[in-house]
Amino acid sequence: MASLHDATRGRLLFGGDYNPEQWPREVWEDDVRLMHEAGVNLATVGVFSWALLEPRPGEYDFGWLDEVLDLLHSGGIGVALATPTASAPPWLHHRWPETSPQDPDRSVRTYGSRNAYCPSSAVYRHHADAVCAALADRYAHHPALRMWHIGNEFGTVCYCDGCAETFRGWLKRKYTDLDGLNEAWGTRFWSQHYSEWAEVIPPRKVQYVINPVQDQDYQRFASDLLLEGFKTERDIVSARNPAVPVTTNFMGFYKGTDSWQWAPEEDFASVDSYPDPNDPLGACASAFAQDLTRSLGRSTRAGGWIMMEQSTGAVGWREVATPKPPGLFRLWSLQALARGADGLLQFQWRASKQGAERSHSAMVPHAGPDSRVFREVCELGKDLAGLGDLIGTEVAAQVAIVVDWDAWRAVELDHQPHSGFRYVDRIYEYYTALWRANITCDFVHPHAELSGYRLVLAPNLYQISDEAGRNLERHVEAGGTLVVGPFSGVTDPDERVRLGGYPASLRELLGIRIEEYWPIPDGVGLRVGSAELGDFTAATWAEWFDQAATTARVLARIEDGPLAGHPAVTVNGHGAGSAWYLATLPEASALGRVLRRAAADAGVGPVLENLPEGVEAVRRGDRVFVLDHRTREVEIRAA
Ligand code: GLA
Ligand code: ZN
């Protein structure tokens, strides 16, 4: 089987996106020399090279790429070769304008930037497949080739007539006939009943609120459609040499592609991650994406993950793009290793002199190798050279956070009770509390096997399948601890509200019954009293309980406003375990107390006890990484 493990050849991967086509040939020799100096062993090549590889339809120019690959190989540097299909050449759009994507209002996103293609266009697909096949015919057995990098950051969505037709095909497979679609989409509402398939269209620009299931199905379809494109390209390159592993770079918590569906289609996982150096919790944000990618890596064909892109300093796209101060690049890089990465690649090797990304940092900055940044790159290269035994070692977690793209899409549909209720914020709040407590966690799909975890957190499962409900119940019955966040268990996968009191399928498990949701305007704090957890302030959300039907133990109650006396935190014994419910969003310190308490009850502790705030500890294999994120200098004396 093609694996990341084989691709490493015993060395943690280190390098970055390499775009030699932006530079004259003299620079290439210099690049290889400097790569050596920095300990680089992998270069990602060809991500945006289509227009130069195929300057006219069917006319290929591989000469320059031959030279680049041979040069890298002679310098002992491996290659992650990209299929160049993320950005089609101008000729494709110019000759076949239907290959350009359309917005919901049917306006066209034309060429001159990148990533602008209609994913269901047969013309795009034909030319994309052809260039992939030509590339793979030529390089699938090149000695420098270590992995295939399919496309780049898949995410383009189009609403054209071609996509409408493809969407109808997807819907026919899902619902079989129009009756099924009408029933699932609830089209008796607002005169939306469909009588012919040709009437069914994507959720384009409309007069008022769009049908929610039409909207959600299109999001599911858009992810599936891109995945089809990924699989097509994967199969083209793999057929030429099955021993070379295949990946594509995810973007962490990116709503447009359901990573649980994508991961099993690749050989290992990879991620692009650009936390803001100005964010006081930047290290937490970066750990968040890393832990997701590690979790996704487990469901890939051969396992493992790498950081496919990060920056040595400033990015080109932030409104205020501050560089990383000395040491931060190294610190966040070591963090990724601690959390399971087998490689660290940066965007990009040499800073561009021209083009839209000319202000983005790189391993070789505009200042050249005689620079702070390049020296830090070389220093990290040395660190990595001594850590090869980390490859393939695991990060063990006893806690899992449930993440579900369907719940995410659904809770953010139009006309929800609180438009500011954002799914990833909910997940991140719980994650942050664990991160601050140095409790390691994985992310899981709601149907995942949970028996390996003592504590499972579901910060939000607004839309929930029956199977997910049973899975959570089994976990608690078997002695596990569960924490469920507010506004969960509300609808089924067709976005039908489950009736009879919320959170319908979780009511018995949680020992609660809720009659109404009670969003709170921004800026209003709710006082919550709790002898056991300490009093706190909550925001954004509260719930009206049927108190007579609530059998769970109430640990905290709201103290003011119309909900005074209603529960804010409950815990319910069920089977051999216990199930907590939070009906509100507690302030961060209080959420930390609740989750630490649930963890302690579940017998889960931090990686190291009594670490000061801002010091992170992660165990990988038999090593413990201790990462000090505080900005002031501290002296550490080894005993
Ligand atoms: C993304 C892309 C790269 C580059 C970086 C810049 O991650 O994949 O090509 O544009 O952003 O941060
Ligand atoms: Zn389209």
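Helices (H or I, at least four residues) and strands (E, at least two) are DSSP runs, numbered from the N terminus. The views below show a predicted model, in which local features need pLDDT of at least 70, side-chain atom pairs count only at pLDDT 80 or more, and totals for chains, interfaces and linings use all residues. Residues are numbered from 1 along each chain as its sequence is written, chains are lettered from A and ligands numbered from 1 in the order in which they are written, and side-chain values use heavy atoms, with hydrogens and water left out.

**View 1. Isoleucine 558 in strand E18.** Strand E18 comprises residues 553–558 and contains isoleucine 558. This residue counts as buried because its relative accessibility is 3% (buried means under 20% relative accessible area, exposed over 50%, and partly exposed in between, with a 1.4 Å probe and protein chains only). From isoleucine 558 to histidine 415 the separation is 143 residues in sequence and 26 Å in space, C-alpha to C-alpha.

**View 2. The zinc ion (ligand 2) and its cysteine donors.** Four SG atoms, those of Cys118, Cys158, Cys160 and Cys163, are the protein donors and lie 2.2 to 2.4 Å from the zinc ion. Donors are N, O and S atoms within 2.8 Å of the metal (3.2 Å for Na, K and Ca); water is not among the atoms, so sites may look incomplete. Along the chain, the donors follow the spacing C-x39-C-x1-C-x2-C. Cysteine 118 belongs to the loop between helix H5 (90–95) and helix H6 (122–139), and cysteine 160 to the loop between strand E4 (145–149) and helix H7 (161–175), so this pair ties together parts that are 42 residues apart in sequence. Both cysteine 118 and cysteine 160 are buried.

View 3. The residues around ligand 1 include Phe48, Asn152, Tyr274, Trp317 and His360, where a residue is near a molecule if one of its heavy atoms lies within 4 Å of it. By class, this shell has four nonpolar, two polar and five charged residues. Nonpolar residues are Ala, Val, Leu, Ile, Met, Phe, Trp, Tyr, Cys and Pro, charged ones are Asp, Glu, Lys and Arg, and the others, Gly among them, count as polar. A polar side-chain atom of glutamate 309 lies 2.4 Å from an oxygen atom of ligand 1, and one of arginine 114 lies 3.0 Å from an oxygen atom of the ligand. For aspartate 272, a side-chain N or O atom is 3.4 Å from a ligand oxygen atom. Of the 310 Å² of accessible area that ligand 1 has on its own, the protein covers 97% (Shrake-Rupley method with a 1.4 Å probe).

**View 4. Two cis peptide bonds.** Phenylalanine 347 and glutamine 348 are joined by a cis peptide bond with omega of about -5°. Glutamine 348 is located in the loop between strand E9 (343–346) and helix H13 (372–385). The bond from tyrosine 502 to proline 503 is also cis, with omega near -15°.

**View 5. Tryptophan 190 and glutamate 495.** Although tryptophan 190 is not a glycine, it has a positive phi of about 55°. Tryptophan 190 counts as partly exposed, at 45% relative accessibility. Glutamate 495, likewise not a glycine, has a positive phi of about 65°. Glutamate 495 is buried, with a relative accessible area of 15%.

Conventions: A polar contact is a pair of N or O atoms within 3.5 Å; within protein, one must be able to donate a hydrogen and the other to accept it, and residues adjacent in sequence count only if both atoms are side-chain atoms.
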